Structures are given as C-alpha cells and as structure tokens.
Amino acid sequence: MNALDEIIGAVRTDLAQRRRLIPEAELSDQVAEVGPGLDCAALLSGVDGPKVIAEVKRNSPTRLNARAPLADIVDPAGLAAEFEAGGAAAISVLTERHRFGGTLADLDAVGARVRVPLLRKDFIVDPYQLWETRAHGADLVLLIVAALEQPLLAELLALAAEIGLTPLVEVHDETEVKRALDAGAWVIGVNARDLRTLEIDRGTFARLAPDIPEGVVRIAESGVRGPEDAAEYAALGADAILVGESVVTDGDSRKAVAALVQAGRLGWRGRLGGGR
C-alpha cells in the first residue's frame, strides 16, 4: 500500500462518520441556500500575470513522521487574512484531518474572514464531499486524478460544475493529463509531488505544461521554495501557483506572499518578452 492509498483509507473512514451525522439531502438543501461559487477559472486565468494561491497548511507529506507539525496554526482565519493582504488571489485550506491536521472548521473560519475565493484541498472520493465543500463556502475543490477511476472523475467534474464549484484537477504525469482532459477538466494543477511516493520533481510542470492546451488554466503545485521558483513557474506558462509550506513557515506570511506575487509577474513578463 502506498502513501496515497493510506491517506484515502482514513478519508473514507472519516467520510462515513460525517455522512451518518449529516445526510446528503441536508447538504443539498444548504447548497441551494448558499448558491453557486465564483467563476474561478476566469479569476485564475493569468491574464495580467500568474496568481498566487496561498495555503493554510498545518502539515506536509515531507514531515508526516516528524515530531512537530509543519506549522502550529492557532488562527487559520488570521493567517488567511495575511495571505490576502499580501496579494493572494485565492486561499487553499487543507481539510484532511489524520495526516494534515485540517478540518472543515478551518474552511468555515477562513471563509468568514477573507473575500477571495476558497479552495478546499482534500482527497475527494465521493460526491457527498462536493456537496459538503460548497455547503461550507468553498468556490474551488481539488480532484486528484491518481485517487479516482475515470468514470468517477468525470462524474465529480460534472457534479462540481452543476452545483457551482470550480474543480481543480490535479495531475503528475502525462497519462493523468490525458485523463483530466478526457474528463473535461478546464483547470488543471500539475503537482511536482508524486502522492504515491511523496517525492518531488520540480521539472514536472515544465514537462507537462505543453500537453495542456491553451484555454485550460494551468496551475503549478508543490516545490515552491521562494520567489525564484515562482518566477520559473511563471516563465514556463503557469497561470497560477499554489504554495503552502514556504508561506506558512515564513515569519512574515504577508511579505512572503507579496514576494511570490512580484516574482511571478516578473517571470511572466520575461516569458512574454522572450517567447516560449
């Protein structure tokens, strides 16, 4: 059993418990009251330079055996507000509990504080979680191709669109890019981390970005250690950059996000000036 399988096993256990407490029909009623989320594909299109999606993240796959978490986040809403003030175009909230220490309560708290779109980052394996995601106010939801069979991936994409969520479809190799496109994805995240092995290959985006057609939003995920990496991803054509570890461990999260935003713009201008 690989790391991804272990995580999904725990996710399914938690999901069964939540389903017993709140029926899907009740969530559906809540979603009807909340209404559709923002059109995040348009907001993250990178027209004026790549956007930064900053992540509220207590732990990282690279630290799962560490004695201390990545970051002791006692006020996720306050941290998200710092991200927003630094220029983050969206906030990602990791809600998986066992390995990453997140909860849906974090999503609620952040949503009550910031005005930019929210991404629920979790391991989505069931339509119930989409209803749950929108009921808690998220505008985007992560769908990991490696965690889903093709029929379920297509089903979740369709349902997300129906209930007003923008699905961010995550890939990490050529086969998964094809699967995402075949399923109809219009926002694709290229993860430098292979969730099966937890290893990071920072060349993944450069390798896969050419396979993602124009008109599909391209998001670079993982491996962003600072402004230089943001500039490099921007120069390679990333419309947005999702970053967690470096901005939650920096002593000044607002400044860290602002530096990534600025570096991304410089990299984007360099790409436009020099071609691809």
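Colleague: Which hand does the crossing of α6 and α7 have?

Modeller: The model is predicted, so local features need pLDDT of at least 70 and side-chain atom pairs count only at pLDDT 80 or more, while totals for chains, interfaces and linings use all residues. Residues are numbered from 1 along each chain as its sequence is written, and side-chain values use heavy atoms, with hydrogens and water left out. A crossing is left-handed if the near helix is turned anticlockwise from the far one by less than a right angle, and right-handed if clockwise. For α6 and α7 the crossing is right-handed.

Colleague: How are α6 and α7 oriented to each other?

Modeller: Helices are DSSP runs of H or I with at least four residues, strands are runs of E with at least two, and both are numbered from the N terminus. Axes are lines fitted to C-alpha atoms, for helices over the stretch in contact, and angles run from 0 to 180 degrees between N-to-C directions; under 35 degrees counts as roughly parallel, over 145 as roughly antiparallel, 65 to 115 as roughly perpendicular and the rest as oblique. The axes of α6 and α7 (residues 150-163) lie 10 Å apart at an angle of about 25 degrees. The two helices are therefore roughly parallel.

Colleague: How many charged residues are in the contact of α6 with α7?

Modeller: Contact means heavy atoms within 4.5 Å, and here P127, L130, W131 and R134 of α6 meet E155, L156, L159, A160 and I163 of α7. Ala, Val, Leu, Ile, Met, Phe, Trp, Tyr, Cys and Pro count as nonpolar, Asp, Glu, Lys and Arg as charged, and the others, Gly among them, as polar. The contact has 7 nonpolar residues, no polar ones, and a charged count of 2.

Colleague: What is the orientation of α1 and α6 to each other?

Modeller: α1 (residues 3-21) packs on α6 (residues 127-135) with the axes 11 Å apart and at an angle of about 65 degrees. The crossing is left-handed. α1 and α6 are therefore roughly perpendicular.

Colleague: Which residues of α6 meet α1?

Modeller: On the α1 side the residues are V11, L15, R18 and R19. The contact of α1 with α6 comprises 3 nonpolar, 1 polar and 3 charged residues. On the α6 side they are Y128, Q129 and E132.

Colleague: Which element gives the most to the lining of the largest pocket?

Modeller: On a 1 Å grid over the protein atoms alone, a pocket is an open set of points with protein on both sides within 12 Å along at least five of seven lines, a cavity is a set where a 1.4 Å probe fits but cannot get out, and lining residues have an atom within 4 Å of a point. The largest pocket has a volume of about 310 Å³, and of its 19 lining residues D14, R18, L104, R120 and E132 are the closest to the centre. α1 and α6 each supply at least two residues of that lining. The most, 5 residues, come from α1.

Colleague: What volume does the second largest pocket have?

Modeller: This pocket is lined by 17 residues, with R193, S222, G223, V224 and E245 nearest its centre. Its lining divides into 4 nonpolar, 6 polar and 7 charged residues. Grid points are joined across faces, edges and corners, and a volume is the space filled by probe spheres set on the points. For the second largest pocket this space is about 200 Å³.

Colleague: How are α4 and α5 oriented to each other?

Modeller: α4 (residues 76-85) and α5 (residues 104-111) pack with axes 8 Å apart at an angle of about 50 degrees. In their contact, P76, A77 and A80 of α4 meet D106, A109 and V110 of α5. α4 and α5 are therefore oblique.
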